[in-house]
Amino acid sequence: MSVKDKFQVILKEARLYSSQGLYDEALTRFESLEKLVEPIAGLKNKEALISDIRQRISELHEKISAASEKNEKRTFTARESKLVNTLLPDTEETPAEMRLEKGRLLARYGSYPAAIALFSAILKDKKFGEDAGHGLITAMVKDKREEEAADLLRQWQASGLFSEKELTRFQSLIPGMTSGMEAAEDSSMDLLPVSSVGIRLENVPEELNDQVDLDVSFQSGNLVSLIISSKDKKLIDDLKVGLRLNDMRCYSPVAVFRSSGVVASKHQINAGPKKGDWCLNIEIKG
């Protein structure tokens with residue numbers, strides 16, 4: 001099947017699922033379309049097409065979120081649980097795709113621990129591992145376990161279980177984390193793992209310019225994400241996007257080194273335990 005034919009088939013499935021209210025399935029198809037189109041060189045109107053696909057993905061996330069809120073208090077009855085386990089048994093002989101669908105169904109109705117256990121068992125599956133990772137992180141966030149989800153991403157990054165692009169997609173699911181990992185992919189800089197960053201601002205009187213130490217919540221290559229308390233309003237205001245930081249200290253488990261960087265982006269966290277705080281992304285330049 002040609003790429004064009006494959007695109008048309010997936011698009012038709014995505015639209016059909018969306019029209020029937022099967023938003024999780026539609027989301028999976030549109031994400032497949034994005035992965036199909038991204039590597040194609042010389043494709044006419046490629047950027048516009050990808051933009052449209054991402055817009056559909058964003059709309060589906062909103063619909064899924066709205067549907068999840070309605071289902072938060074909805075639980076399976078004993079009869080429904082028996083039916084689910086009969087139709088979608090959780091055994092090693094059960095195909096990964098069926099176990100994945102069962103995990104999605106459990107998560108949809110608030111059975112997050114069971115869904116997380118199912119998704120975790122499928123992570124190393126070559127065909128469905130990425131879908132399982134997506135479902136796992138989503139379920140953890142819904143279960144108010146954002147910190148654990150962020151720690152899990154760090155483990156996946158260290159182990160190489162998923163690619164940087166896959167980690168970027170997972171990262172965007174966690175409130176307070178951004179999808180800025182793609183910028184780090186193009187960097188040839190082999191940066192040590194950084195656990196915290198010390199910053200001194202320029203144009204501040206020396207007697208007032210104490211080093212500000214901030215913990216790193218996530219790192220991909222030379223891009224680090226930091227969380228700033230909403231109480232530090234002046235620091236948030238001073239760290240404007242594009243600001244060059246010429247006096248930085250980076251702390252890793254094996255060394256402390258001086259560096260410089262640029263504020264790549266920042267945004268306020270709108271959900272989760274860090275709601276109201278700010279996420280700051282710094283690109284370390286060396």
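Reader: Which residue does Cys 250 stand opposite in E5?
Author: Heads-up, this is a predicted model, where local features need pLDDT of at least 70 and side-chain atom pairs count only at pLDDT 80 or more, while totals for chains, interfaces and linings use all residues. Residues are numbered from 1 along each chain as its sequence is written, and side-chain values use heavy atoms, with hydrogens and water left out. Strands (E, at least two residues) and helices (H or I, at least four) are DSSP runs numbered from the N terminus. In E5, Cys 250 stands opposite Phe 257.

Reader: How many bridges link E4 and E5?
Author: Strands pair if DSSP finds at least two bridges between them. E4 (residues 244-251) and E5 (residues 256-268) pair in the antiparallel sense, and the bridge count is six.

Reader: Are H8 and H9 roughly parallel or roughly antiparallel?
Author: Axes are lines fitted to C-alpha atoms, for helices over the stretch in contact, with angles from 0 to 180 degrees between N-to-C directions. The axes of H8 (residues 146-159) and H9 (residues 164-171) come within 11 Å and cross at roughly 180 degrees. Angles under 35 degrees count as roughly parallel, over 145 as roughly antiparallel, 65 to 115 as roughly perpendicular and the rest as oblique. So H8 and H9 are roughly antiparallel.

Reader: Which residues of H9 do Leu 153, Trp 156 and Gln 157 meet?
Author: Contact means heavy atoms within 4.5 Å. On that basis, these H8 residues meet Glu 164, Leu 167, Phe 170 and Gln 171.
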